[in-house]
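Q: I would like to learn how to read a few features of a protein model. Can we go through them one at a time?

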Amino acid sequence: MTSRYRAPESVNSPSPRRRTVVKAAAATAVLAGPLIAALPAGAATETPSFLHGIASGDPLPDGVLLWTRVTPTAEAVPGSGLGPDTEVSWTVATDRAFTNVVSRGSLTATAASDHTVKADIRGLAPATDYFFRFSAGGTDSPAARTRTAPATDATVTGLRFGVVTCANWEAGYFSSYRHLAARNDLDAWLHLGDYIYEYKSGEYAARGTVVRQHAPTNEIITLADYRTRHGKYKTDPDLQALHAKAPVVAIWDDHEFADNAWSGGAVNHTEGAEGTWTARQAAAKQAYFEWMPVRPAIAGTTYRRLRFGKLADLSLLDLRSFRSQQASSGSGSVDDPDRTITGRAQLDWLKAGLKASDTKWRLVGNSVMIAPFVVGALSADLLKPLAKLLGLPQEGLAVNTDQWDGYTDDRRELLAHLRTNAIGNTVFLTGDIHMSWANDVPVDAGTYPLSPSAATEFVVTSMTSDNLDDIVKVPEGTVSALAAPVIQLANRHVHWVDTDRHGYGVLDITADRAQMDYYVLSDRTSATATSSWERSYRTRSGTQRVERTYDPV
């Protein structure tokens with residue numbers, strides 16, 4: 001029997017008021033030239049066009065969020081603040097030919113929202129494929145597929161999600177998106193952060209080499225900058241293809257703002273010289289919600305919860321907006337109970353949701369690794385490049401303080417909550433660290449495996465951002481062959497780590513187990529890179545432990 005759908009908990013509040021964009025005549029000369037780089041070659045037009053694709057996200061049992069960006073005139077490039085108000089209509093149907101239309105309507109795209117529009121469609125059937133498109137000025141966008149979530153009380157036999165993170169434009173091509181788009185079996189795909197990168201051109205590329213130049217070429221700081229960078233990313237054909245194939249569920253990490261961001265600043269932000277952090281953070285958030293098919297959650301962040309029938313719910317975290325500044329490496333302040341990675345309200349929300357959950361699996365979209373990671377046992381020739389990758393001091397390194405390791409009191413409280421309340425089948429899905437991992441999450445890593453495991457964690461590697469072999473500039477796999485055994489020896493809860501390869505994951509969930517299949521790319525710098533299965537790990541229901549399995553789903 002199907003019950004009425006209950007909206008996601010504590011998530012739907014109005015988005016922050018958008019700041020007014022000044023439309024001075026001088027802006028045409030100042031902005032239009034540099035920003036035109038955010039459009040595909042030959043894209044200048046005097047009729048409305050959909051140069052940045054169309055997308056959907058945050059599926060519900062009765063609805064989904066639809067997104068597009070219209071370019072009404074040639075000068076209306078992303079970040080310009082130029083271009084006329086333009087009516088954009090949407091159509092949703094049950095078939096690709098749009099013969100059975102179930103929803104239609106229109107919105108006005110304006111310069112104040114960078115000519116992006118989002119339509120939150122409701123009244124749809126659960127667990128159903130739909131097709132949608134946008135129209136403006138007599139021009140239709142391509143059609144795209146989306147899918148609603150199962151009914152809240154539905155018995156679901158299986159779910160399958162693509163999983164990606166760390167997409168650095170200048171470091172390569174987004175072949176991971178292309179290979180996921182080629183599949184026909186995804187209910188949705190998860191982006192676990194670093195959808196864009198903020199660096200200036202050449203500062204963070206592929207082993208120091210720019211594969212393709214992003215726009216703008218300067219480090220992004222202003223609202224126009226962030227909009228332009230998002231616009232450049234959305235011109236990627238592989239990214240457009242995946243957005244047109246399945247709904248995305250996304251969270252942000254630091255590079256949507258600036259490297260190692262925290263509530264009051266970032267490593268890659270100079271207060272004063274680059275304006276105030278408050279203004280930069282507000283600009284980054286505004287551009288993100290304009291350009292991403294994501295519903296703003298509580299306090300204008302990305303923490304929210306989605307449900308997929310009785311099989312799984314998905315708690316999505318924001319580990320940047322509320323966190324305390326990262327501790328100095330080796331300092332005792334990582335254990336300070338007054339320091340937080342989640343903020344009090346978010347941690348309470350997460351704990352309450354996990355305890356109240358009545359689904360078989362509790363998934364947590366988590367931007368930085370929660371499993372402990374002791375790296376001090378590594379030899380100097382491995383420790384120094386690892387420290388460089390993590391942006392930490394290269395001598396005397398004990399922990400990566402940007403991860404949950406730097407905020408141990410929050411982690412202890414969360415893991416104790418799982419154990420005290422006998423909350424099983426909790427799986428953290430993680431990005432950020434540019435490596436693949438399969439971890440148990442022990443209550444006490446120092447005594448593991450005698451200490452129980454409270455949860456499990458699957459970490460997917462970067463799509464293109466440098467990992468260890470890239471920093472050392474040796475053939476792929478060279479560093480991992482040396483580092484992985486040492487890491488596992490010092491961290492007995494780590495079942496597997498690959499420090500070198502680029503790729504993506506496919507998460508498959510049934511009542512009996514949650515399995516991550518890890519896929520790697522042949523060459524991130526090739527637009528035609530092939531993909532191959534590398535390994536698979538699963539956690540069986542009730543075990544709170546990871547084990548290897550020898551076939552992908």
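Q: Which residues of helix 6 are buried?
A: This is a predicted model. Buried means under 20% relative accessible area. In helix 6, Gln346, Leu347, Trp349, Leu350, Lys351, Gly353 and Leu354 are buried. The helix covers residues 344–356 and reaches 18 Å from its first C-alpha to its last, close to the 18 Å expected.

Q: What do the buried residues of helix 6 pack against?
A: Their partners are strand 12 (304–308), strand 13 (312–316), strand 14 (361–366), strand 15 (426–430) and helix 8 (408–420).

Q: Is His255 buried or exposed?
A: His255 is buried, because its relative accessible area is 6% and the cut-off for buried is under 20%. His255 sits in the loop between strand 11 (248–250) and helix 5 (277–291). Leaving aside neighbours within four places in sequence, His255 is in contact with Asp194, Ile196, Tyr197, Glu198 and Tyr199.

Q: And Ala182, buried or exposed?
A: Exposed means over 50%; Ala182 has a relative accessible area of 57%, so Ala182 is exposed. Ala182 also lies in a loop, the one between helix 2 (175–181) and strand 10 (188–191).

Q: Which residues touch the most other members of the largest nonpolar core?
A: Tyr177 and Trp189 do, in a core of 42 residues. Helix 5 gives the most to this core, with six residues. Leaving aside neighbours within four places in sequence, the contacts of Tyr177 include Trp189, His191, Leu242 and Met463. Another core, of 32 residues, lies apart from the largest one and has Leu314 and Trp361 among its members.

Methods: Residues are numbered from 1 along each chain as its sequence is written. This is a predicted model: local features need pLDDT of at least 70, side-chain atom pairs count only at pLDDT 80 or more; totals for chains, interfaces and linings use all residues. Side-chain values use heavy atoms; hydrogens and water are left out. Helices (H or I, at least four residues) and strands (E, at least two) are DSSP runs, numbered from the N terminus. The expected span of a helix is 1.5 Å times one less than its number of residues. Buried means under 20% relative accessible area, exposed over 50%, partly exposed in between (1.4 Å probe, protein chains only). Contact means heavy atoms within 4.5 Å. A nonpolar core is a set of buried Ala, Val, Leu, Ile, Met, Phe, Trp, Tyr and Cys residues joined through side-chain atoms within 4.5 Å.
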